Amino acid sequence: SRSSAGYYARSSITWAYGIGRFYVVSEDTNNYMMTSTDGITWSLISTTYNTFSSICWAPEIGEICAVSSLTTTSNRILTHSNGIFSDGRNFSLSTANSYNILNNMNAYEWSGNLMVGVGSGTSNVIVTSSDMTSWVDRTTTNLSIYSQNWTSLAWSQELGIYCAISSSGTGYRVMTSSDGNNRIPVATPSDNNWTNVIWAKE
């Protein structure tokens, strides 16, 4: 049987291949993450902050990035250096120089050289970073379309695009982008509460 290390509202999981660990973050106010090497035995990781919306592994730069959706703290990013993964616990708080744009973010995806994040609201809905420290707000045009509740996104290496989905808006609840900056709104057949998207390689 499988048992978790605690009963918390888990919000995101990533598999760090090359390291051999699952990492899970929680939206709870308890200051914990969770890790496992086999998906069976789990242990808690104590963290400085809480209410994490997403976690992502970027192997090309050797970083795990966990981002908090809290708006009451200036430090919302936890990172993990590739050089100290022996126990999976050595996370440090990042004082990102543009942390103030990371409000109400829901999901992040790494493409190999760029992290893209999507969220909700009327500003800072789309952000990008190549190093998990410097973040750029890409929400500058077509706000009537992009100011929606973007819930999830996926990267397709084969197509060379990110694809994001939204649970709000009229007619256009999908957008695609090759770089996180130039985006194409896509008409959807139904205005459903779309919650998750994944790319399945053939």
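1. Let's start with a term you will need: rings of Phe, Tyr and Trp (for Trp, the six-membered ring) pair if their centres lie within 6.5 Å, and the pair is stacked with planes under 30 degrees apart, edge-to-face with planes over 60 degrees apart, and tilted for the rest. The structure holds four aromatic pairs.

2. A word on where this comes from. This is a predicted model, in which local features need pLDDT of at least 70 and side-chain atom pairs count only at pLDDT 80 or more, while totals for chains, interfaces and linings use all residues. Residues are numbered from 1 along each chain as its sequence is written, and side-chain values use heavy atoms, leaving out hydrogens and water.

3. Now look at Phe 22 and Trp 42. Their ring centres are 6.0 Å apart and their planes stand at 35 degrees, so this pair is tilted. Phe 22 lies in strand E2 (residues 21-26) and Trp 42 in the loop between strand E3 (32-36) and strand E4 (43-46), so the pair ties together parts that are 20 residues apart in sequence. Strands here are DSSP runs of E with at least two residues, numbered from the N terminus. With Trp 15, these two residues form one aromatic cluster.

4. Phe 22 is partly exposed at 25%, whereas Trp 42 is buried at 18%.

5. Next, find Trp 155 and Tyr 162. Their ring centres lie 4.7 Å apart with planes at 55 degrees, so this pair is tilted. Trp 155 is buried, with a relative accessible area of 17%, and Tyr 162 is buried at 4%.

6. Tyr 162 also leads you to a sheet, as it stands opposite Ser 177 in E15. Four strands form this open sheet in the order E13-E14-E15-E16, with antiparallel pairing; two strands pair if DSSP finds at least two bridges between them. Strand E13 (150-156) and strand E16 (183-186) are the edges, each pairing on one side only. Four bridges join strand E14 (residues 161-166) to strand E15 (residues 174-177).

7. Finally, which residues of the largest nonpolar core touch the most other members? Such a core is a set of buried Ala, Val, Leu, Ile, Met, Phe, Trp, Tyr and Cys residues joined through side-chain atoms within 4.5 Å. Of its 13 residues, they are Val 118, Trp 150, Leu 153 and Met 175. Strand E13 gives the largest share, three residues.

Definitions and conventions:
Buried < 20%, exposed > 50% of the residue type's maximum accessible area, 1.4 Å probe, protein only.
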